[in-house]
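Grab a pencil and work through these exercises with the structure open beside you. Each one sets a task and then walks through a solution.

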Amino acid sequence: MKKIILAPDSFKGTMTSREVCSELSAAIREIFPETETVSLPVADGGEGSVDAFLTACGGERVSVTCTGPNGQRIEAEYGLLPDGTAVVEMAAAAGLPMANPKNPERTTTFGVGELLRHAAIRGARKIIMCLGGSATNDGGCGAAAACGVGFFDEEGNCFTPTGETLRDIARINLSGLDPALAAIPIVTMCDIDNPLCGPTGAAAMFGPQKGADEAMVLRLDEGLAHLADLLHRDCGVEVRSLPGAGAAGGMGAGMTAFFKSRLQMGIETVLDTVGFEAALAGADLVMTGEGCLDRQSLCGKVAAGVARRAALRGVPVVALVGDVGEGAEEIYALGVTAVFSINRVAVPYEQARLRSRRDLRAAAGDILRLCRALEISGRL
């Protein structure tokens with residue numbers, strides 16, 4: 001093989017996409033030392049998106065003291081690209097690992113708004129907002145409040161809503177939105193197309209992993225439904241049927257209504273930015289991967305996005321993943337040639353993650369040895 005493209009997502013909580021590329025590159029050098037390797041660490045809009053953009057485009061990290069998901073003061077970063085585009089990850093200020101305790105009724109996106117506002121005031125010409133990995137279920141109200149949007153209860157008191165108090169909002173006033181944010185375009189990247197509320201909405205689908213029990217999920221969903229009504233009445237935006245509105249605890253809806261942002265699948269934006277189409281020229285193989293590949297991976301995740309584009313060029317795609325879940329076989333129809341789990345021993349996740357880097361390299365090595373044998377025999 002003359003050229004192999006590496007375009008993996010991170011393995012959440014285990015390896016960054018850049019580390020995945022490093023291990024795959026090492027395996028390629030061992031088996032195909034003469035092969036050109038093009039590393040394009042990517043992301044779907046969640047954790048690792050800033051890394052992907054900075055690796056592809058250059059730029060700098062900007063550190064900001066802001067509010068964490070439980071109201072604590074934290075240091076968070078966003079990326080500033082050479083063309084003046086700021087890349088903000090929601091997970092940097094409201095990520096699930098940062099929440100202790102995990103309680104989506106109490107957690108806030110206020111710090112995410114502080115990052116947005118900082119980037120705008122600094123002079124960003126455009127903002128890419130990356131959703132995913134959130135500990136929150138506030139519909140983006142915390143972020144909006146940090147940027148000047150007013151939320152009022154029945155008595156006329158202004159407050160910052162959380163998932164628990166969405167139902168207490170009686171009126172929303174957009175007039176206080178920071179003019180710096182109102183003046184620049186914001187694109188919101190998300191990796192799911194779930195609606196805001198209902199059986200496949202933000203609370204029902206993702207609330208449990210954020211710490212919600214069945215009763216809390218129902219309360220959170222009612223709050224989001226109430227918010228949807230207010231966003232239609234006070235902001236003139238219908239979000240109930242908007243695909244992606246339920247991303248990141250309803251942040252997709254909030255970005256659309258409060259910041260007039262458009263939603264788009266994150267992987268498509270990242271692949272455009274890193275020059276994936278150009279890199280495919282002359283490629284013999286694409287290696288991608290993510291922590292878990294299942295039916296949800298079909299809806300805007302990295303492996304699916306990479307496979308769709310590679311298929312148009314007739315380039316085979318191998319996906320290396322931590323876990324193969326229900327419905328994973330459906331990804332073959334999108335262009336993935338084969339899926340391999342990197343887990344080489346049957347141990348719990350907490351043990352498997354400690355050996356994930358060497359297991360990834362070993363699994364890639366086995367695949368490449370097969371390719372090498374077929375090449376030598378003339379069958380490849």
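Strands here are DSSP runs of E, at least two residues long, numbered from the N terminus. Keep in mind that this is a predicted model.

**Exercise 1. Find Met 265 and say where it sits and whether it is buried or exposed, or something in between.**

Step 1: Look for the element. Met 265 belongs to strand β10, which covers residues 262-265.

Step 2: Check the accessible area. For Met 265 the relative value is 26%. Buried would need under 20% and exposed over 50%, so Met 265 counts as partly exposed.

Step 3: Asp 44 is 221 residues away along the chain, yet the C-alpha atoms of Met 265 and Asp 44 are separated by 7.4 Å.

**Exercise 2. Work out the strand order of the sheet that holds β10, and name its edges.**

Step 1: Read off the order. This open sheet has 6 strands, arranged β3-β4-β5-β6-β9-β10, with mixed pairing.

Step 2: Pick out the ends. β3 (60-67) and β10 are the edge strands, and each of them pairs on one side only.

Step 3: From one strand to the next it averages 30 degrees.

Step 4: Zoom in on one pair. Strand β4 (residues 73-80) and β5 run antiparallel and are joined by 2 bridges. Gly 79 has Val 87 in β5 as its bridge partner.

Step 5: Stay in β5 (residues 85-89) and find Thr 85 there. With a relative accessible area of 6%, Thr 85 is buried. Setting aside neighbours within four places in sequence, Thr 85 touches Gly 79, Leu 80, Lys 126 and Ile 128.

**Exercise 3. Describe how α2 and α10 pack on this sheet and on each other.**

Step 1: Compare the two helices. The axes of α2 (residues 49-57) and α10 (residues 266-274) are 9 Å apart, and the packing angle is about 20 degrees. Angles under 35 degrees count as roughly parallel, so α2 and α10 are roughly parallel to each other. The crossing of α2 past α10 is left-handed.

Step 2: List who meets whom. Ala 52, Phe 53, Ala 56 and Cys 57 from α2 meet Thr 269, Val 270, Thr 273 and Val 274 from α10. By class, that contact has 6 nonpolar and 2 polar residues, with no charged ones.

**Exercise 4. Now take the parallel sheet: what is its strand order, and which strands stand at its edges?**

Step 1: Write down the order. The 5 strands of this open sheet go β2-β1-β11-β12-β13, and their pairing is parallel.

Step 2: Find the edges. β2 (36-39) and β13 (338-341) each have a single partner strand, so one side of each has no neighbour in the sheet.

Step 3: Ignoring direction, neighbouring strands are turned by 25 degrees against each other on average.

Step 4: Follow the pairs. β1 (residues 3-6) is joined to β2 by 4 bridges, with Ile 4 opposite Thr 37 in β2. On to β11: β1 pairs with it over 3 bridges, and Ile 5 has Val 286 as its bridge partner there. Between β11 and β12 there are 7 bridges, and Thr 288 faces Ala 319 in β12.

Step 5: Check burial. In β1, Lys 3 and Ile 5 point one way, Ile 4 and Leu 6 point the other way, and all are buried. For β11, 7 of the 9 residues are buried, so this strand is largely enclosed by the rest of the structure.

Step 6: α1 (residues 17-31) lies across β1, β2, β11 (285-293) and β12 (317-324), at about 160 degrees to β1. α12 (residues 302-312) lies across β11 and β12, at about 155 degrees to β11.

Methods
Residues numbered from 1 in each chain as written. Predicted model: local features only at pLDDT ≥ 70, side-chain atom pairs only at ≥ 80, totals over all residues. Heavy atoms only, no water. Pairing = 2+ DSSP bridges. Axes fitted to C-alpha atoms, helices over the stretch in contact; angles between N-to-C directions. Contact = heavy atoms within 4.5 Å. Parallel < 35°, antiparallel > 145°, perpendicular 65-115°, else oblique. Left-handed = near helix turned anticlockwise from the far one by under 90°. Nonpolar A, V, L, I, M, F, W, Y, C, P; charged D, E, K, R; others polar. Buried < 20%, exposed > 50% of the residue type's maximum accessible area, 1.4 Å probe, protein only.
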